[in-house]
Amino acid sequence: MELCDRSAVELTRMLRRREVSSREITESVFRRIDEREETINAYITTTRDKALEQADLADIRFRKGKKISLLNGIPIAIKDNLCTRGIRTTCGSNILYNYIPPYDATVVKKLFQRGAVLIGKTNMDEFAMGSSTENSAFGPTCNPLNPECVPGGSSGGSAAAVSAGETVLAIGTDTGGSIRLPAAYCGIVGIKPTYGRVSRYGLISYASSLDQVGAIARTVEDCAMLLNCICGHDRLDSTSAVVKKPDFFRTLNEALRGIKLGLPREYFVEGLDKSVKDQIMKAVTLLDKNGADIIEISLPHSKYAISSYYLIATAEASSNLARYDGVKYGFRSGDHISHTGKMYEETRRKGFGKEVKRRIMLGTYVLSAGYYDAYYRKAQEARTLIKQDFERAFEHVDCLITPVSPSLPFKLGEKIAEPLQMYLVDIYTVSLNLTGLPGMGLTCGMVDGLPAGFQIIGKAFEEETVLRVGHAYEKLAGSA
Amino acid sequence: MEYEVIICFETHVELNTETKLFCDCSTRYGASPNSQICPVCTGQPGSLPVLNRKAVELGIRAGLALNCDINRQSRFARKNYFYPDLPKGYQISQYERPLCENGYLEITGDDGNPYRVGIKRIHLEEDAGKLVHSSSSFEASEYSLVDYNRSSVPLLEIVADHTRNPICSVREARDCLEKMKQILKYLEVSECSLEKGQFRCDVNVSIRTRGSRDLGNRSEIKNMASFKHILDALQYEIRRQSEILKSGGEIFQETRLYDEQNKITMPMRTKEDAPDYRYFPDPDLVEIEIDKEFIQEIEVSMPELPEQRLVRLTERFGIPIRDAERLIKDKSVSDFFESCAPHCDNTKTLNRWITRDLFRLLNDSGLTMEQCPIRPIEFSQLINLIEGRDITNNIGKTVLEEMFKTGRDPASIIEQNDLKPIDDTAFLEKILDEVETENPDAVTLIRRGETKPIDYLIGQVMRKTQGKAHAKRVWELIQKLLAP
């Protein structure tokens, strides 16, 4: 097994025993990138020189001993919507094609402080708007398991890189399923923590009340390790939660016995691909047999989730993306135009891609005078109802098990002309962004060479339980 | 037909905080362009706002002084519009649930009675940056530059209520503006310097037939840089609207710009062109929870209001009410008085020299009290010299003028300009001797116990010494040599 294919936990152990150096691991990752990146296109920017430099520094820290973070020397890829000082950050958009942030996102800062080795900035749907990583100004990313298929989105670059061994760990962001979906589609693991668990400072906003930073890795254990390093209150993010920081790693191996898992009726009806459903039910049976109680529950307002989500997300996006005007940074068109308003129009017309423009227009409409109450306020009301559904369900269960997506990974280009079809890919994931709840996407078997995914949903700030169930499943499935 | 005027102010004041509303950048005025900026106030992708607690405190302080209800829950909203000085493409302001609501400001009405002008709401918002054009006007400029130093400096917007006791005349408008500025300065909420753009006003004006309940279409006037401009613009706008009504015309709801050169208002945009700001709650900021304790804390630590200071000046320092009113009108004047008072032997003399002599100098030079070059401690030294009769009133005035001109202390001015009074007893006795010889009648009267001729004799000594004799010493000598 190549070093780049090993789990982070394993590599950490090897590094500590001095069986391997961070430079060797990093070089192994870049060899893989040289082999596969041309097909996969997981990265917008790779930072080879910086990575080797960081790897050498990590190796020096190992030689000097002393308190060393678990992440020291471990390769990591960061989605290109998190600001990295001095390293181009594009958000997958032409409008930021040349943007070099003057500061590090809080998450990035934490990773660097702990000695992680940055491999590069990963491809994504422009401004995280999309479910397939096809909406990138830097070309689509392909699914490493089958390059004809999409890797899911919008953190498709991060998921594909992890899946292909082009990194060991990756940071993704999730506004409507953007970590969980690509993780499931690429046959790996991704967790979206509770809203407020990880700082959003430096995450280029798509929809502020829904965006959350999370971890993508090849094992649940790796996810827990990475989450440990990036979570915590941040003074620079007013929406970041002041809660105790648990050790997600320590509780991983607690027994499954007695844990109550809910299956929401509304998530297993028409629209869900049978082959996916079968795989999920196999996973449920496996958990059932090994001590978990399976309880059917109801989330009656689920049908409002997709529409509420697209109203709220686009409304916030229309405002969040107003700053890309060609005045201060990024792409500008129409330098010859003396009229400021026309310069704005030119810049935004040429700078943004089709899907982004569609969502800006939708959101602008949603917030317009006379429509606000009918759309935005109504959507917020529905959001409250959906939240209450989950609260009620969690009175009876510890976690919920649901699909991640209605189908297996689809083909590149298959849904790009049908935005509504594409929006429905997120039908099982958006509720967690509306409610802020934590959720993990992982794989439960292969169908025709493609992974089927399932989702574990937890109570607010109880990621431990989600990770615990996920880890238990992984062990059971691995030995089955 | 008789018309009635309804005037309504929307005032923006820059808050007196050290740092900006949503980041730690300094708010200092006059720094070199773009030297007080960071990722947050320049709208860098990914940056997030964090609310400045001090700004909330100052906002509530203003709300309490203007008799408002303080909302226990308040939130920020985004006001979306595009402009190069607005780095995020939206301004963080407040819409639903402002900081304070339903207050009033008491002024003197046109009938001479107290009149409580309704205040609808007070809210916090961030200022925009500043455009600097390459030539005098925007149109003629080849390029424009943006200075983001002012971006996100905290502003308090105070909106008057046109339905509840609106202002009805230009005189009331002036009173209202002056009162507002006075209170905000006393509260240390804002420095309210119009020159620095710390106090900005938009005015809504409408006219209706007297007794009508209908409010009539109003025009909003913008772009006025001083109280005088505001009042001139009002005057013009009232005349313009009444002429339209008199000739049977119709007034349209519109926004107009004041043209200070021609003292007129010009149409800017009509109601139809009014932008849709698409307000919605800012998801980057959480709701502001204001608890009772916080409000109480602010109440307890409220700086003194002008009315309270008036009472203190009259009661504690025995200043006549009319003078006290003049002293408190401008906070910096009464601050000056209070800085001097502890060092002065006689606060009444202090008051006289401020309201009479210092005011005259400030007036003549067109300076404000803040710009006064005299330090309180040195002003107090002067007062004590006069009070102790170490120098005469006349020399006192000369010294004051010199202090005002040069900023030097009174002792060195007296020393260097040879204004030091002569207190050489032998010399003074000799002069007094001469004066006595020349005025035997006065001497006789004094010996009989009359006091009036004493001043006359002192005056004569002064004449002979070109006013340089030490008045107090001369008086003592007369007492010693001539008193019965």
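Of the 480 residues of chain A, 60% count as buried (20 or more other C-beta atoms within 10 Å of the residue's own; exposed means 12 or fewer, partly exposed in between, with C-beta atoms placed from the backbone). The model is predicted, so local features require pLDDT of at least 70 and side-chain atom pairs pLDDT 80 or more, while totals for chains, interfaces and linings use all residues. Residues are numbered from 1 along each chain as its sequence is written, and chains are lettered from A and ligands numbered from 1 in the order in which they are written.

Chain A contains 15 helices and 11 strands, where helices (H or I, at least four residues) and strands (E, at least two) are DSSP runs numbered from the N terminus. Along the principal axes, the C-alpha atoms of chain A fill a box of roughly 65 × 55 × 45 Å. Of the contacts in chain A between residues at least 6 apart in sequence, 76% join residues at least 24 apart, a contact being a pair of residues whose C-beta atoms, placed from the backbone, lie within 7 Å.

In chain B, 15 helices and 16 strands are present. A compact globule of 484 residues would have a radius of gyration near 23 Å, but chain B has 30 Å. The C-alpha trace of chain B spans about 95 × 60 × 55 Å along its principal axes. Buried residues account for 36% of the 484 residues in chain B. For contacts in chain B between residues at least 6 apart in sequence, the share joining residues at least 24 apart is 68%.

Within chain A, helix 9 (residues 305–320) packs against helix 12 (residues 373–393) at an angle of about 130°, with the axes 9 Å apart. Axes are lines fitted to C-alpha atoms, for helices over the stretch in contact, and angles run from 0 to 180 degrees between N-to-C directions. Helix 9 and helix 12 of chain A are therefore oblique to each other (under 35 degrees counts as roughly parallel, over 145 as roughly antiparallel, 65 to 115 as roughly perpendicular and the rest as oblique). Residues of helix 9 of chain A in this contact include Leu311(A) and Ile312(A), and those of helix 12 of chain A include Tyr376(A) and Ile386(A).

Between the chains, 35 residues of chain A are in contact with 26 residues of chain B. On the chain A side, helix 9 and helix 10 (340–351) are the elements that give two or more residues. The largest share, three residues, comes from helix 9 of chain A.

Gly458(A) lies in strand 11 (residues 450–458) of chain A and is buried, with 26 other C-beta atoms within 10 Å. Beyond neighbours within four places in sequence, the contacts of Gly458(A) include Cys399(A), Leu437(A) and Val466(A).

Several backbone features occur in loops. A cis peptide bond with omega of about 5° joins Gly153(A) and Ser154(A); Ser154(A) is in the loop between strand 3 (117–122) and helix 5 (156–164) of chain A. Asn67(B), although not a glycine, has a positive phi of about 60°, and counts as partly exposed with 14 C-beta neighbours inside 10 Å. Arg278(B), also not a glycine, has a positive phi of about 45° and is buried, with 25 other C-beta atoms within 10 Å.

Notes. Two residues are in contact if their C-beta atoms, placed from the backbone, lie within 7 Å. The radius of gyration is taken over C-alpha atoms; the globule rule is 2.2 Å times the number of residues to the power 0.38.
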